[in-house]
Amino acid sequence: MSFEAFGKALLAATDNRGVQAADLASALARCERKNLDTGMMVCKEGKPAEELFFLLSGEVSVVKTDPRGRLHELAALSAPALLGHMALLERTKRSATCMTKTPVELAILSRDSYDSLLYEPSGAGRALRRLLLSS
């Protein structure tokens with residue numbers, strides 16, 4: 001899927017009318033694409049947040065460990081979706097683990113690219129800020 005097509009789908013799913021798909025595609029162009037098989041970890045609870053993830057295709061389970069050490073599913077996210085952004089935004093550790101439920105394709109935005117885009121006065125920067133605000 002092209003970044004522009006993904007941008008349109010994500011914007012439609014989040015009802016984010018003030019963002020242009022081309023601007024979001026420009027932000028996504030700074031991402032690394034990665035494919036993961038079923039049952040693989042995207043990010044782990046308690047680890048530092050160094051990136052955020054755009055779920056281009058597939059499904060991810062968000063799980064949290066209870067005080068007894070058991071995992072509980074909090075949510076199942078299907079593409080198009082944004083995940084792992086709260087810990088990056090708040091500069092905290094991950095509050096949950098994300099595991100793939102199906103094969104997935106991710107676009108991964110590093111902390112450096114995130115920090116740069118967040119303050120950039122471009123359409124790409126504006127698209128990322130509005131998307132984060134709407135989430």
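**Cysteines, salt bridges and a pocket in a predicted model**

Good morning. The sulfur of Cys-43 lies 3.7 Å from the closest cysteine sulfur, that of Cys-98, which is too far for a bond. A disulfide is here a pair of cysteine sulfur atoms within 2.5 Å, and by this rule the count comes to zero disulfides. Cys-31 is likewise in no disulfide, since the nearest cysteine sulfur, in Cys-43, is 15 Å away.

Before I continue, a word on the source. This is a predicted model, in which local features need pLDDT of at least 70 and side-chain atom pairs count only at pLDDT 80 or more, while totals for chains, interfaces and linings use all residues. Residues are numbered from 1 along each chain as its sequence is written, and side-chain values use heavy atoms, with hydrogens and water left out.

Are these two cysteines, Cys-31 and Cys-43, buried or exposed? I call a residue buried under 20% relative accessible area, exposed over 50%, and partly exposed in between, using a 1.4 Å probe and protein chains only. Cys-43 has 7% relative accessibility, so Cys-43 counts as buried. Cys-31, at 12%, counts as buried too.

Let me turn to the salt bridges. A salt bridge is a side-chain nitrogen of Lys or Arg within 4 Å of a carboxyl oxygen of Asp or Glu. How many salt bridges does the structure hold? There are nine, and I shall describe some of them.

Helices (H or I, at least four residues) and strands (E, at least two) are DSSP runs, numbered from the N terminus. Glu-50 counts as partly exposed at 41% relative accessibility, whereas Arg-111 counts as buried at 14%.

Another salt bridge is formed by Glu-59 and Lys-101, whose closest N and O atoms are 3.8 Å apart. This pair links distant parts of the chain: Glu-59 is in strand E4 (residues 59-65), and Lys-101 is in the loop between strand E7 (97-100) and strand E8 (104-110), 42 residues apart. Glu-59 is partly exposed, at 23% relative accessibility, and Lys-101 is partly exposed as well, at 36%.

Asp-66 is buried, with a relative accessible area of 17%, while Arg-70 counts as partly exposed at 43%.

Rolling a probe the size of a water molecule over the atoms shows where empty space is left. On a 1 Å grid over the protein atoms alone, a pocket is an open set of points where a 1.4 Å probe fits, with protein on both sides within 12 Å along at least five of seven lines; lining residues have an atom within 4 Å of a point. Grid points are joined across faces, edges and corners, and the volume is the space filled by probe spheres set on the points.

The largest pocket has a volume of about 240 Å³. Its lining has 16 residues, of which Gly-84, Met-86, Ala-87, Ser-95 and Ala-96 lie nearest the centre. Strand E6 (81-83) and helix H3 (85-90) are the elements that give two or more residues to this lining. Which element gives the most? H3 does, with four residues. The lining divides into nine nonpolar, four polar and three charged residues. Here Ala, Val, Leu, Ile, Met, Phe, Trp, Tyr, Cys and Pro count as nonpolar, Asp, Glu, Lys and Arg as charged, and the others, Gly among them, as polar.

Finally, some points on the backbone. Ala-79 and Pro-80 are joined by a cis peptide bond, with omega about 0 degrees, and Pro-80 is found in the loop between strand E5 (71-78) and E6. Arg-91, in the loop between H3 and E7, has a positive phi of about 55 degrees although it is not a glycine. Gly-58 is placed in the loop between E3 and E4 and is partly exposed, with a relative accessible area of 25%.

Thank you for your attention.
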